[in-house]
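Please review the model below before using it in any calculation.

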Amino acid sequence: MTLYPKREKAFISRLKIRQTRRISITLPRDLKRGELPPLLRKAKIIPKNFCKRICPPLVLYTKGDVSLINEEIFGIVGSRKSLPADLNAATVFAESLSDAGFTLVTGIAEGVDSAVIKAALNKNGKVISVVAGGFDNAYPASNRKLLEEIAERGLIVSEQPPEVVAKPYFFPIRNRIIAGLSDGVLIVSGGMKSGALYTAEYAEEYGRELFAVPHGYGVKSGEGCNDLIKRGARLADTPKDILALFGKEEKETASVTLTDEEQTVVNALADGCSHVEEICLKTGRPVYEIASVLSGLEIKGIAVKSGFNAYGLKR
């Protein structure tokens, strides 16, 4: 390990303090034990998916169930500013993949990340959150309680010491850890400049299976996903597209919870409306809102597209 000799003693001292606070130290590199300071030689868990080409951090700070690092892991990420349909998609994919036995890994941002975490926890599934800063400086602050729940029921990972405040450039490089831990990655939403695309780039570089949710024409929050599909990412309309590739089957669910908006559209479809314009007239809602709801109903397996701007209920 490359450490400045004068700082090594202080470094080890800080690690000892952190161990008393239930913060574990994990080695992501397959280094010779003799190259490590005494405290780090005791670390036994090395992420199975990490290799030298991933350029992992020297150490990972972990809080929670560190054994999750070596489970079958799937990454789900997306934009912070997502449409309701994107959040619906994140929830549906997270629930299905969690039911199938995957440990999910994501960030901790509002939007898709939060939807993935909540869906996994609601299913009593396993979830890993990779944060950009240290544990003592949760960002965003609005998700502090969610982080506490993850620490109790899942795992939090950071390459930064607990006292470090996240800097803007920490977030893109943090995404390499999400991709590095994962066996596959799904991009739910993201514009052409979305940070989620960094995760996609790392996934491609590391040889991970890369999936993206397709978006309709003119949907800015989905332009990055559509571009990924054009460049070779696998299209994921439903969780089955992912599960089939990994030799898993989707578990049947007893019922699907619908929002008020979704139920209104389902009622319109049941009354014989099929084209988007007809549904808009029936419900009194604008086109962009109906399109978003229909996308969510497709993902939930309730509605199917039957033609250009035409939909029907799945039989």
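Buried means under 20% relative accessible area, exposed means over 50%, and partly exposed lies in between, with a 1.4 Å probe and protein chains only. By that rule Cys280 is buried, because its relative accessible area is 11%. Cys225 is buried too, with a relative accessible area of 0%. The structure holds 0 disulfides, a disulfide being a pair of cysteine sulfur atoms within 2.5 Å.

This is a predicted model, in which local features need pLDDT of at least 70, side-chain atom pairs count only at pLDDT 80 or more, and totals for chains, interfaces and linings use all residues. Residues are numbered from 1 along each chain as its sequence is written, and side-chain values use heavy atoms, with hydrogens and water left out.

**Confidence**

pLDDT is the predictor's confidence in each residue, from 0 to 100. The chain averages 81. A score of at least 70 is reached by 80% of the residues. Residues 1-8 have pLDDT below 50, and this stretch makes 9 contacts in the model beyond near neighbours in sequence. Residues 28-42 are also below 50, with 38 such contacts. Contact means heavy atoms within 4.5 Å.

**Overall fold**

The chain has 12 helices and 11 strands. These are DSSP runs numbered from the N terminus: helices are H or I with at least four residues, strands are E with at least two. Of the 315 residues, 51% count as buried. Take the contacts between residues at least 6 apart in sequence: 71% of them join residues at least 24 apart.

**Helices H3 and H4**

How do H3 and H4 pack, and at what angle? Helix H3 (residues 84-99) and helix H4 (residues 112-122) pack at about 35 degrees, and their axes are 8 Å apart. Axes are lines fitted to C-alpha atoms, for helices over the stretch in contact; angles run from 0 to 180 degrees between N-to-C directions. The crossing is right-handed. That term applies if the near helix is turned clockwise from the far one by less than a right angle, and left-handed if anticlockwise. On the H3 side, Leu87, Ala90, Thr91, Ala94, Glu95 and Ser98 take part. They meet Val112, Ala115, Val116, Ala119 and Ala120 of H4. By class, this contact has 8 nonpolar, 2 polar and 1 charged residues. Ala, Val, Leu, Ile, Met, Phe, Trp, Tyr, Cys and Pro count as nonpolar; Asp, Glu, Lys and Arg as charged; the others, Gly among them, as polar.

**Single residues**

| Residue | Relative accessibility | Class |
|---|---|---|
| Val130 | 0% | buried |
| Pro47 | 2% | buried |
| Ser194 | 14% | buried |
| Asn124 | 66% | exposed |

Val130 is in strand E5. Its C-alpha atom is 6.3 Å from that of Thr106, 24 residues away along the chain. Not counting residues up to four places away in sequence, Val130 touches several residues, among them Val105, Gly107, Val157 and Leu181.

Pro47 sits in the loop between helix H2 (38-41) and strand E2 (60-64). Pro47 and Ile69 are 22 residues apart in sequence, yet 5.6 Å apart C-alpha to C-alpha.

Ser194 lies in the loop between strand E7 (184-187) and helix H7 (196-205). Leaving aside neighbours within four places in sequence, Ser194 contacts Ser79 and Ser189.

Asn124 belongs to the loop between H4 and strand E5 (127-130). Its phi is near 55 degrees, a positive value in a residue other than glycine. Most residues other than glycine have a negative phi.
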